[in-house]
Amino acid sequence: MLISSNHIESHNEDLLKKHQNKLVFTASEINDTEAIIQKLINFQIAIPSWALGTGGTRFGRFAGGGEPRSIEEKIEDVGLLHKLNNASGAISLHIPWDIPTNYNSIKALAAQHGLKFDAMNSNTFQDQADASNSYRYGSLQNVNKAVRKQAIAHNIEVIQHGIELGSESLTIWLADGSNFPGQLNFRKAYQNTLESLEEIYDALPSNWKLFLEYKCAEPNFYSTTVADWGQSYSYVKKLGDKAQTLVDLGHHLPNANIEQIVSLLLMENKLGGFHFNDSKYGDDDLTAGALKPYQLFLIFNELVEGMDARGMNHAKDLGWMIDASHNIKDPLEDLLQSVEAIMIAYAQALSVDRKALEQAQEENDVVKAQEILQNAFRTDVRALVAEARLRSGAALNPVALYRSLQVRENLIGERGLKTLATGL
Ligand code: LRH
Ligand code: MN
């Protein structure tokens with residue numbers, strides 16, 4: 001299904017008056033709205049290829065219908081999102097869930113939808129049917145050298161796919177760890193993992209980055225070999241400048257101060273990027289900003305402060321990706337909501353009066369500092385995010401247009417009810 005510019009224009013016409021009134025009011029409340037709108041226009045969030053179908057849990061999966069059956073249909077679905085919000089200009093592939101067979105036709109199709117290929121993701125947490133070795137007891141940490149070699153070879157193969165598609169980064173998330181005390185020698189597991197990562201690092205092209213994603217638990221429930229920011233940092237520090245840490249918001253122990261972790265990794269120039277989502281209990285992979293919008297704002301507040309302190313380009317110098325799984329929502333509506341929540345948090349962080357905040361902090365005026373931050377969080381910036389879409393030819397209200405055009409119904413018509421997308 002294709003969404004035309006006419007669809008967008010007639011949708012926007014109906015909403016324009018109300019939008020312009022809100023924009024005028026918002027511009028009267030916030031300084032530098034033009035600069036903020038321009039930054040929002042430049043800000044692109046990569047969509048995970050593994051989150052375009054209905055995910056499930058071990059207790060069940062409730063398919064929604066019209067799911068993409070191939071990498072081509074996944075690119076079309078991300079193209080739909082990008083047409084609606086002009087903020088989803090990249091797709092992040094997961095190998096072997098999305099092995100590109102014909103690089104040129106895949107690249108041409110992506111370009112047709114205005115999409116780039118963001119970080120490639122390897123998978124050494126599932127055994128492939130044709131694999132000679134199992135990852136049952138881990139991959140890069142495994143006591144068995146043959147298993148480690150197989151996992152290293154897979155990551156190098158993923159880099160090759162990425163080079164062909166124009167990607168410039170590899171995300172490695174390792175399920176490796178243990179379920180019981182005594183099962184693993186932590187020192188040897190660390191050493192095996194480091195030596196294996198060094199071989200993968202040496203295979204990176206000069207302009208590539210390696211993002212090492214940490215996670216506190218699942219699928220291992222006693223130890224995880226890259227369990228937190230400190231362990232990921234210790235690996236990427238040893239590997240070299242092309243290696244950085246990836247922060248998945250759902251991968252922390254309860255009550256972790258993620259915004260402080262972000263601030264430190266930025267200072268160390270070891271922050272590579274994000275997997276945005278939200279959670280209440282574990283790695284719930286729910287819609288970004290759905291449960292903890294203030295935390296998402298505080299993370300972007302540290303990002304804007306830390307990136308400006310280093311003169312970094314907000315849009316280009318970090319990997320902005322969503323990593324979610326949709327059990328009951330329409331995957332495309334869920335992703336539109338996540339992009340919106342991320343854009344709102346970024347716009348709120350850009351509207352913080354930094355000079356006043358710095359002065360309040362220098363004077364230990366704790367109340368004033370909180371007032372400044374919460375004023376930004378409590379300011380409705382949605383008109384700025386919508387204006388950025390309007391100026392870049394997208395929809396003022398993407399979810400509303402998605403529904404009024406009956407996109408899901410059309411996809412079900414094209415693909416059927418029982419289609420199953422690869423991924424989570
Ligand atoms: C692990 C993770 C990782 C992906 C997977 C799909 O929980 O966040 O980023 O490889 O989800
Ligand atoms: Mn992730």
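In helix 15 (residues 407-415), the buried residues are Val407, Arg408, Leu411 and Arg415; buried denotes under 20% relative accessible area, against over 50% for exposed and partly exposed in between, with a 1.4 Å probe and protein chains only. Viewed down the axis of helix 15, these buried residues fall within an arc of 95°, so they line one face of the helix. The arc is taken from the directions from the helix axis to the C-beta atoms. The cover over the buried residues of helix 15 includes helix 3 (71-85), helix 10 (331-350) and helix 14 (398-404). Helices (H or I, at least four residues) and strands (E, at least two) are DSSP runs, numbered from the N terminus.

The model is predicted, with local features requiring pLDDT of at least 70 and side-chain atom pairs pLDDT 80 or more, whereas totals for chains, interfaces and linings use all residues. Residues are numbered from 1 along each chain as its sequence is written, chains are lettered from A and ligands numbered from 1 in the order in which they are written, and side-chain values use heavy atoms, without hydrogens and water.

Serine 196 is located in helix 6 (residues 186-202) and is buried, with a relative accessible area of 2%. Apart from neighbours within four places in sequence, serine 196 is in contact (heavy atoms within 4.5 Å) with Leu140, Arg148 and Ile152.

The manganese ion (ligand 2) is coordinated at 2.1 to 2.2 Å by Glu213 (OE), Asp248 (OD), His275 (ND1) and Asp323 (OD). Aspartate 248 in strand 11 (residues 243-248) and histidine 275 in strand 12 (residues 271-276) are 27 residues apart, a pair that links distant parts of the chain. Aspartate 248 and histidine 275 are both buried. Donors are N, O and S atoms within 2.8 Å of the metal (3.2 Å for Na, K and Ca); water is not among the atoms, so sites may look incomplete. Along the chain, the donors follow the spacing E-x34-D-x26-H-x47-D.

Among the residues around ligand 1 (a heavy atom within 4 Å) are Glu213, Asp248, His275 and Asp323, together with Trp50, His94 and Phe125. Oxygen atoms of ligand 1 are placed 2.7 Å from a side-chain N or O atom of glutamate 213, 2.9 Å from one of lysine 215 and 3.0 Å from one of aspartate 283.

Methods:
Polar contact = N/O pair within 3.5 Å; in protein donor to acceptor, adjacent residues only side chain to side chain.
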